[in-house]
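Let's take a walk through a protein together. Have a look at the fold first, and then we'll go through its helices and its pocket.

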Amino acid sequence: MPAAAIELRSVNKWYDTFHVLKDIDLSVGSGEKTVICGPSGSGKSTVVRCINRLEEHQSGSIKVDGVELTNNPQSVAAIRSEVGMVFQQFNLFPHLSVLENLTLGPIKARGLSRQAAEERAMHYLERVKIPEQAKKRPGQLSGGQQQRVAIARSLCMEPKVLLFDEPTSALDPEMISEVLDVMVELAEDGMTMVVVTHEMGFARRVADQMIFMDGGEIVERGTPEEFFGAPRSVRCQKFLSQILQH
C-alpha cells in the first residue's frame, strides 16, 4: 500500500444549515488515481476544493503529504505549494501570454529566475503538445488548448498532487479527448490525481479507486472493475445506467 498522499478523516462541511459533506473518509496513496463521480450537488467538487482550502471544512481532518490542513496560513501555503488544481473554467489571465501565465507562479512562489521559469514552461507546453502557442493570449486559443495550458500551468509548480474539478465539462465534445489524452499520459507517468468527472471511459482506463457520492456522502467505493461490473448500491446503479447511456 503506497503512503497516503491525501487523507480525509470524518470531514464535515456546512453552508449555513445545509450539510454538504457528511463524514467523508478518503485515502489516496502516492501515485494513485482516484475518480470521484456522482449527480450534480452530491458534494464531489466540494471535496476537492476542501483539499487545497478553496473551501473550509468545519470538522474532521485533512492531511496532504502528512501536513494537516488547519486555519494556520502557513499550513495552507505549505499544502497549496504541493497541490495543483485544474478547474472547469480555465482561470487563465486573459491579458498575459500563455508563457507569462505559466511563468508567473514559479517566479513569484518558487523563486525561479525568468529564464529557468520559461525553460520549465516550454517543457510543460511540449508535454501538453502546444509549445507553438506560447506567445499567444488565452483568447486566441480553443477551449481544449486553454485547458491544456491550465494543466501545464499547474505542472509548472511541480506539485505532488493534481486535483481536477470537471476539467472537460466546459468543452465542446470534439475538444474533450485532447484534454483527456493529456490526463491519461499524466496518470501513466505516476502523478497522484483526484479527478471529479463524468468521463467514465477515462475513469475505467486510469482509476485505481472509484468514489461515488450522493447527498454529501460517499455511497460506494471500489476498483473500476467492481464499480462498473457490480455496483452494490441502488443509487450508484441508477447513476451508471443514466450516464452510460449517453
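To talk about how two helices sit against each other, we need axes: these are lines fitted to C-alpha atoms, for helices over the stretch in contact, and angles run from 0 to 180 degrees between N-to-C directions. The helices (H or I, at least four residues) and strands (E, at least two) are DSSP runs, numbered from the N terminus. What you're looking at is a predicted model, where local features need pLDDT of at least 70 and side-chain atom pairs count only at pLDDT 80 or more, while totals for chains, interfaces and linings use all residues. Residues are numbered from 1 along each chain as its sequence is written, and side-chain values use heavy atoms, with hydrogens and water left out.

Start with H4 and H5. Their axes come within 9 Å and cross at roughly 135°. That makes H4 oblique to H5, given that angles under 35 degrees count as roughly parallel, over 145 as roughly antiparallel, 65 to 115 as roughly perpendicular and the rest as oblique. The crossing of H4 and H5 is right-handed; a crossing gets that name if the near helix is turned clockwise from the far one by less than a right angle, and left-handed if anticlockwise. Who touches whom? From H4 come Arg 120, Ala 121, Tyr 124 and Leu 125, and they meet Ala 152, Leu 155 and Cys 156 in H5 (contact means heavy atoms within 4.5 Å). By class, this contact has six nonpolar, no polar and one charged residues. Here Ala, Val, Leu, Ile, Met, Phe, Trp, Tyr, Cys and Pro count as nonpolar, Asp, Glu, Lys and Arg as charged, and the others, Gly among them, as polar.

Now bring in H3. The axes of H3 and H4 (residues 114-127) come within 9 Å and cross at roughly 125°, so H3 is oblique to H4. Their crossing is right-handed too. On the H3 side the contact includes Val 98, Leu 99 and Leu 102, and on the H4 side Ala 117, Ala 121 and Leu 125 are among the residues involved. The residues of this contact divide into nine nonpolar, one polar and three charged.

How do H3 and H5 pack? Their angle is about 25°, with the axes 8 Å apart, and they are therefore roughly parallel to each other. In this contact, Val 98, Asn 101, Leu 102 and Pro 106 of H3 meet Val 149, Ala 152, Arg 153 and Cys 156 of H5.

H3 and H5 turn up again at the largest pocket, where strand E6 (83-86), H3 (98-110) and H5 (143-156) each supply at least two lining residues. A pocket is found on a 1 Å grid over the protein atoms alone, with a 1.4 Å probe: it is an open set of points with protein on both sides within 12 Å along at least five of seven lines, and lining residues have an atom within 4 Å of a point. About 540 Å³ of space lies in this one. Which helix gives the most to the lining? H3 does, with seven residues. The lining has 22 residues, and Val 83, Met 85, Arg 153, Ser 154 and Met 157 lie nearest the pocket's centre.

Technical notes:
Grid points are joined across faces, edges and corners, and a volume is the space filled by probe spheres set on the points.
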